[in-house]
Each structure stands twice: as C-alpha cells, then as structure tokens.
Amino acid sequence: MSSQHVVATYIIETSLPLARAAEVLAGEQSTGTFVRVERESDDVRARFAAQVASLEELPLTDAGPLPGTIGDPALRRRARLKLRFPLDNFGPSIPNLLAAVAGNLFELKELAAIRLIDLDLPPAFADRYAGPGFGVEGTRRLISRPTGAMIGTIVKPSIGLRPDELAEVVGELAAAGIDFIKDDELQGNGPSAPLYERVRAVMPVLERHADRTGVKPMYAFNITDDIGRLEANHDLVVAAGGTCVMACINMVGLAGLEFLRGHAEVPIHGHRAMLGAIARSEQVGIAFRAWQKLARLAGADHLHTNGISNKFYESDAQVLDSIAAVREPLLGLTSTVPVLSSGQWGGLAHATYDAVRTTDLLVLAGGGIHGHPDGAAAGVASMRAAWASAESGESPGAALAASEPLRRATELFGPVRV
C-alpha cells in the first residue's frame, strides 16, 4: 500500500453492474457527485478521486436489499471491494477519514448492502495519534501480574449498590486476589452513586490492600461523560490514587477518546458498548476489525472483544477474529489488551487458550465470579486455577481434579468446554 493512501475494504451488494456500483461509491466519497461538474477536471480526478483497487465477486446471501435500493432485485450481485483513497483528501484525521470511508455511502440507493470491513492505514496516522499509553506491558506492571492471564470482573449488580456496599464488594474481590475490577457501562455519574462517592469509597479499600500486600488491584472507574467533563473525571480518579479510567468509546466518540488520551495519566479501558448498532448487521455498518484500528489509534489501552460462548450475538469464530485483530501490530503502536467478557467463567479457559495461545488477555467474568456457588472469592479462585492450568498444558480433567472452586463452578455453569 502506498504511504499516501488509505485502502478501505467493503462488502457491497447491488443490482447495477459491479464495476459501475464501485465507480458510484468511489465518486460519491471523493471528487464526484451524481453528475460530472465543470471543475471536476481530469487533473482533479487524478489527484483526489478514490480509485478501485480490487473488485471480487462473492456468493449472494439470502438477505433482502436495504430500504430504498433501486434496480431489479433479480440482478443483485455481491462483491468485496477495495477503494484506495488519497491521504491528501482528509489527512491523518480520524473524524475526516470516517467522513470519506464511512460517510454518506451507507445511504446510496445504488447499493443494496454496504459494510466497511477493514482499513489499511498509512504511517502518517501513527505520527498524528499516540495510540495506547500503557497497553499490555503497562497494565501488567500496574497490577503486578507479569505473566499469566489477567483476571478481572465487573461490579454486579451493575447498578443499585450504595458506595459503601461497593467498597465491601471491592474489599472481598481484592482479598481474593483479583487483578482488575471495573464499573459496569451502566454506572456512570448518576445521583444514586456518583463518581466522586464511588472513588471516595473504593480507593481507600484498594490502598489498604496495597499497604498489606504490595499489590493494588486496578479499578476502572467509568468516567464516560460529555467531552468537557472527561478531564475533570479523570483527574478525580488519579488524585485519589486510581490506576485506570473507563470510557465507553461510542458514547464519547473516537475524537473524545483521543482527547482523553492526550490528558490521561493512567490506562484507558475502552468499552465498546453500542458497537452492535454499527457492527451486527452483515448488510450495513462497520465491522469490528475496521473499528478497532481506530479505537487503538485514538488511545484505548484495553478494548473489549467479547469472549467465546458469549451471551451476545457473535459466534466463536467472530470473537476469535476480534481477539486476533486487536493483537495484530498496528503502525508500531503500543499493544492494546484484548478484553474478554460476556458470559465468561473458568470452564471456558482451556478452549479459549487453545484457540488464542496467549495469556496477554484481560478476562472479565461478571456472573462467572459473583455468581459462583461459594461466593465471589471462590469465583476468582476458579478463574485463576483454570487459566493457570490451561497455560501449563494440563487437561481440563486435571484442572477439575486440582481445583474445588472450579469443580463447584461446573455445578452451576455446566461442563468445562473442550
């Protein structure tokens, strides 16, 4: 790929000839409009027009066309299309890049389906954007976990706990040896448990634990808010000794995430809430593989990928591709930590490790820890034992024989997955 171009990969469907539909898309998102205009000269087109880099026909799916699509449905065809956009059109700017590669194109009536599935970005974006400030290495250092899977949880119930009750839960989890705890994305800065009160309740518990043990679990306080409040929310956490903040990326926007990254003194836990609105459909939207590159550029130290056997819509194959995507090098940036969540428990450790072959992961179990038959401490123990066993190459049977907490977990969650 030229260092002066961005290559965007799409899956399209159309009733037009495929080459014509590709031209319509390229023109609409660069120099063209619905008709050739006087100043759209050959020179302008040569310098600034998006170019079709490749067009590969694919088998048609059973899904119907998007609303408003023109053309004879019987002629509909499907293809993988790569468009090459000159960097001069938008520069190394994520918001302006998105206007080109994911702007009005979703509304083109010539397209019966249009999905951005990947982006190849030139080095200029790494010159402009700092990317993660801590990543895998920095997170491991802060939680004093140099090797092995990083085991974490989400506060449950998600909302409803008073700050003093939250502090009790955090104390129990810290004593059990948890590495990481996070607010749920639903717990922001509401009147029942405002951020200030949560920080004031939680941080003394973690500091006392650190004084006793030399290890301070990482707590990701959800500071998601209007952009003008992000700095103050971050500073509130850091002033109290906090070591992580959480932002819901799609709520603050990629520009908001980058704004926070420019100020952050601690890792940013990037939650992907609302991603399904743009990523779930196979007909329209932006796939995780493309989106995660922008989130990493903008500064996410941790990024949710979902986990296998999850409670949401993604298949295991989709989840594993998301984990692999986050682990792939990106323009020399610091590595982002994949965050596994959604229905995780100890019985998934062996199958997950067999598939990904790494423990550079933050594995979050909400119900898998809090819902353990013997309590949260046993839930943490079951997770730790399962992941240590998987990494060592033991069989699931050996892990069950060695760990009572894991055996007890299977009574509630079912058999260990192999």
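Leaving aside its neighbours within four places in sequence, which residues is Thr243 in contact with? Hold that thought for a moment, everyone.

First, some housekeeping. This is a predicted model, where local features need pLDDT of at least 70 and side-chain atom pairs count only at pLDDT 80 or more, while totals for chains, interfaces and linings use all residues. Residues are numbered from 1 along each chain as its sequence is written, and side-chain values use heavy atoms, with hydrogens and water left out.

Back to Thr243. Beyond those sequence neighbours, Thr243 is in contact (heavy atoms within 4.5 Å) with Leu142, Lys216, Pro217, Met218, Tyr219, Val266 and Pro267. Thr243 sits in the loop between α8 (227-239) and β8 (245-248). Helices (H or I, at least four residues) and strands (E, at least two) are DSSP runs, numbered from the N terminus. Thr243 counts as buried because its relative accessibility is 12%; buried means under 20% relative accessible area, exposed over 50%, and partly exposed in between, with a 1.4 Å probe and protein chains only.

Now to the barrel. Eight strands, in the order β5-β6-β7-β8-β9-β11-β12-β13, form a closed barrel with parallel pairing. Two strands pair if DSSP finds at least two bridges between them. On average, neighbouring strands of this sheet are turned by 25 degrees against each other, direction ignored. Axes here are lines fitted to C-alpha atoms, for helices over the stretch in contact, and angles run from 0 to 180 degrees between N-to-C directions.

Leu303 has Pro338 in β12 as its bridge partner. Helix α12 (residues 316-327) packs on the sheet and touches both β11 and β12, with its direction at about 160 degrees to that of β12.

Please also look at β1 (residues 5-14), where 9 of the 10 residues are buried. β1 is joined by 10 bridges to β3 (residues 77-86), and the two run antiparallel. Within that pairing, His5 stands opposite Pro86. β1 also pairs with β4 (residues 111-120), again in the antiparallel sense, over 8 bridges. There, Ile11 has Arg115 as its bridge partner.
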